[in-house]
Amino acid sequence: MTIDSPVAAPESGILPQHGFHSDTDLQSLLSENPFLFRVYTPKERSPFFDDTDPYFLAPKFNEKYARSPVEIRNHQQFIDEWNVSYTDVAKHMDWTTRIASPFISTSLSFAWCIWDALRRFHQGVKKDVQVAIIDGRAIADRASTAVELLELSSPSQRGKEYWKWHRFSEESQSVLVHGSIPGTAVLASIPLLSILRHLPSYFLKHGFDPHNTENPLTGIGWDYTEKKSSYRRFCRDMSNRFHSLNTEERLADSTAGSLALALAFLRPWFHQTVDLDRGQAVRTLTDLASIIAQWPGQRWVRERPEIGDLTHAMALTLSQELRERQEFQEKGEVSRLQGLSRNCTRW
């Protein structure tokens with residue numbers, strides 16, 4: 001079974017599987033696509049790190065400001081100053097000069113990052129690949145889509161690699177962040193294998209249950225070992241798999257399946273936030289779940305508004321369960337401490 005090209009109807013602000021609609025302006029895209037994703041291998045952080053320090057730092061500043069968090073803070077205004085030239089963009093796009101780039105690569109696409117992270121995991125020596133999820137609105141003043149930055153150049157500036165860079169940036173929905181990304185903007189960072197355990201069924205081999213195996217890689221439904229694999233082909237194949245499911249299975253993947261993957265991305269943040277601001281926790285979780293749900297078949301999901309209602313109800317129920325469990329644990333801890341206190345008074 002094949003489907004039409006994964007392009008959303010004009011009324012949808014959610015991005016298609018790859019590429020953009022006519023709008024490549026990050027500021028407007030963030031209204032319905034507020035999350036950025038980054039694939040990376042984590043480094044050991046300073047014991048003095050706090051959330052206001054850079055969680056990610058552009059390669060240009062790595063060596064110069066890696067010695068001290070205080071030094072980084074003293075130069076933060078310079079690091080984050082938005083003064084971009086086409087030369088800077090070209091340095092970032094060219095692998096041979098990226099070490100001098102003032103940018104950090106991110107993407108608006110969760111699926112691109114899963115696909116790319118799995119390729120890196122398979123091909124690389126280091127196996128501690130993680131995917132960070134970032135609040136794009138928190139760094140909007142220092143970020144733009146790579147396509148938008150590339151198109152600011154004049155024809156005379158564009159070298160022979162320009163259109164290759166343009167195609168890649170469009171396909172991957174790439175966003176370049178200038179200077180640094182503070183810890184306050186990073187919602188969570190999750191190991192790749194933990195994410196793979198919570199993929200909706202159309203990403204997996206038929207009948208595979210990732211919770212009943214130590215190695216979730218055995219159930220991946222696409223050939224991530226193929227060196228010349230194409231992301232566009234991946235998008236097409238996953239959409240075809242989704243549309244080959246029966247209605248009940250599609251509904252399950254678009255509600256519980258999408259919510260489970262959203263929670264896998266946000267788990268530590270959601271658990272912490274649900275006790276402080278339940279409304280924000282539920283809204284953020286359901287916003288991400290909605291983006292995930294629409295990825296394989298936007299039209300099909302948008303024609304069924306009950307999917308959003310069901311997902312929101314599930315998120316509310318989950319948040320209530322977590323709060324009640326936390327309250328129960330807190331009461332148990334209070335009782336334990338009171339018991340210790342009584343024992344101490346007897347001595």
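**Reading burial, contacts and charge**

A: Ser254 counts as buried because its relative accessibility is 1%, where buried means under 20% relative accessible area, exposed over 50% and partly exposed in between, with a 1.4 Å probe and protein chains only. This is a predicted model, in which local features need pLDDT of at least 70 and side-chain atom pairs count only at pLDDT 80 or more, while totals for chains, interfaces and linings use all residues. Residues are numbered from 1 along each chain as its sequence is written, and side-chain values use heavy atoms, with hydrogens and water left out.

Q: Where does Ser254 lie, and with which residues is Ser254 in contact, leaving aside its neighbours within four places in sequence?

A: Contact means heavy atoms within 4.5 Å, and helices (H or I, at least four residues) and strands (E, at least two) are DSSP runs numbered from the N terminus. Ser254 lies in helix 11, residues 247–276, and, with neighbours within four places in sequence left aside, is in contact with Phe242, Ala293, Trp300, Val301, Ile307 and Thr311.

Q: Which residues form the negative surface patch?

A: Patches are made of residues with over 30% relative accessible area and no salt bridge, like charges being joined within 9 Å, with the place of a charge taken as NZ of Lys, CZ of Arg, CG of Asp or CD of Glu. Here the negative patch is formed by Asp275, Glu321, Glu324 and Glu327, and helix 14 (residues 306–346) gives the most, with three residues. Glu324 lies in helix 14 and counts as partly exposed because its relative accessibility is 40%.

Q: How many helices and strands does the chain have, and what share of its residues is buried?

A: The chain has 14 helices and eight strands, and buried residues make up 49% of its 347 residues. Among contacts between residues at least 6 apart in sequence, 76% join residues at least 24 apart.

Terms used
Patch = residues over 30% accessible without salt bridge, like charges linked within 9 Å, V, L, I, M, F, W, Y side chains within 5 Å. Areas by Shrake-Rupley, 256 points an atom, 1.4 Å probe, with all protein chains shown as cover. Salt bridge = Lys/Arg side-chain N within 4 Å of Asp/Glu carboxyl O. Lys, Arg positive; Asp, Glu negative; His and termini not counted.
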